[in-house]
Amino acid sequence: VSRARISPVMKPLASRCSGMSRASSSSPSERRFAGFSRPNLAVKARGERTFTVDKPLGLSLSQGQNGLTVKNAGGNAAKAGIKNGDTVIYTSSFFGDELWPSDKLSFTNSALKAAPSPVTIIVSDDPVDIKRLVARPAPKRFGGKSRLSAKQKELATHLCLDCGWIYAEETAFAQAPNDFVCPQCNAGKKRFGSFDVTTGKITEPISTFQVINVLIVILGLGVVGALGYAGLLLS
C-alpha cells in the first residue's frame, strides 16, 4: 500500500506500526532511543538452583568441561541440598558482594575460602556455556554482614583457612598475640594464611608436621649419601 493511498485517519496508526517494526529489528541501544527502554539484565539459565551454605562448607569440587562438578558434598553443603554430581556455575566472590562464574577450579576454591560465611552457590541442571557467563550481584540478605570497607581492604593481610574471615586490623598479624583466635570460628593463629586482597591468592602456613617431614627426608638422603660414600671407600 503506497503512502499516498493511506487515509488521513489511518496515517497516525500506520506511522506507529512502522516505528514499532523498526524498533523490534533494531539493537537494544536503538530501542532505548526509540522509547522502548529495557534494562540489560543477566539472563538466568533454566534449571538453576541457588544454595546458601554456612562455613565450613564440607564441599569438594573437580574441574568439569562446562563448570565445576561436585565431587563430594558433605557437612553444611549436604544439609543445604547440594548433591554429588551437581554442576556448579556460580559461587560467591572473595568479598561476597558478587557471584562469579565457576570456570576454573583453583580460582573458585580461593574465592570460596576468602568469601565471608555464608556463601552462595548456584548449580545448573541444564547445559550452560560457562565461558559466556558474566559476574552477577550477590543476592541481598536481610541483616547480612557488612562488606569490607576501602580502609579494611588496605589492611587485609591474612585469612582464616577454616571459615574465610579476613584479618584487617590496625595491628600487624605478626604482632597479634599467640593466643589470638578467629572471631568467627575460634580457629587458632596457625590456621591463618597470608592473603593478597588484589589477586585473592592465599598462601597457607607451613605446619610443624610438614617441617618435620622435610627434615626427615633431608636426614634420610644424608644417611643414604654417607653409606654410599662409605661403600665406595671400602670397595
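This is a predicted model: local features need pLDDT of at least 70, side-chain atom pairs count only at pLDDT 80 or more; totals for chains, interfaces and linings use all residues.
The protein chain averages a pLDDT of 74, and 65% of the residues score at least 70. There are two stretches that I would like to set apart from the start. Over residues 9-42 the pLDDT stays under 50, and for that stretch the model has 13 contacts beyond four places in sequence. Over residues 142-146 the pLDDT likewise stays under 50, and there the model has 2 contacts beyond four places in sequence.

Let me turn to the aromatic rings. How many aromatic pairs does the count come to? The count comes to 9 aromatic pairs, and I will take two of them in some detail. In one of these, Phe94 and Trp100 have ring centres 5.2 Å apart and planes at 75°, and because planes over 60 degrees apart count as edge-to-face, that is how the pair of Phe94 and Trp100 is classed.

Phe94 and Trp100 are part of a cluster, in which ring pairs link them with Phe107 and Phe195. Phe173, for its part, has Lys189 lying over its face, at 5.2 Å from the ring centre.

On the cysteines I can be brief. The structure holds 0 disulfides. Cys160 is buried, with a relative accessible area of 0%, and Cys182 is buried too, with a relative accessible area of 0%.

Next comes helix α4, which covers residues 105-114, and in which Thr108, Ala111, Leu112 and Ala114 are buried. Why do we place these residues on the same side of α4? The reason is that they cover an arc of only 165° around the axis, which puts them on the same side of the helix. If we look at one of them, Thr108 in helix α4, we find that it counts as buried because its relative accessibility is 3%, under the 20% cut-off. Not counting residues up to four places away in sequence, Thr108 touches Leu61, Leu68, Thr91, Ser102 and Asp103.

Finally, let me take a residue from a strand, namely Val53, which lies in strand β1, residues 48-53. Is Val53 buried or exposed? At 1% relative accessibility, Val53 counts as buried. Leaving aside its neighbours within four places in sequence, Val53 is in contact with Asn76, Ala77, Ala80, Ile82, Pro118, Val119 and Ile121. One more distance goes with this list: Val53 and Ser117 are 64 residues apart in sequence, and 7.6 Å apart in space, from C-alpha to C-alpha.

Note on methods: Residues are numbered from 1 along each chain as its sequence is written. Side-chain values use heavy atoms; hydrogens and water are left out. pLDDT is the predictor's confidence in each residue, from 0 to 100. Contact means heavy atoms within 4.5 Å. Rings of Phe, Tyr and Trp (its six-membered ring) pair if their centres lie within 6.5 Å; planes under 30 degrees apart count as stacked, over 60 as edge-to-face and the rest as tilted. A charge sits over a ring if NZ of Lys or CZ of Arg is within 6 Å of the ring centre and within 35 degrees of the ring normal. A disulfide is a pair of cysteine sulfur atoms within 2.5 Å. Buried means under 20% relative accessible area, exposed over 50%, partly exposed in between (1.4 Å probe, protein chains only). Helices (H or I, at least four residues) and strands (E, at least two) are DSSP runs, numbered from the N terminus. The arc is that of the directions from the helix axis to the C-beta atoms.
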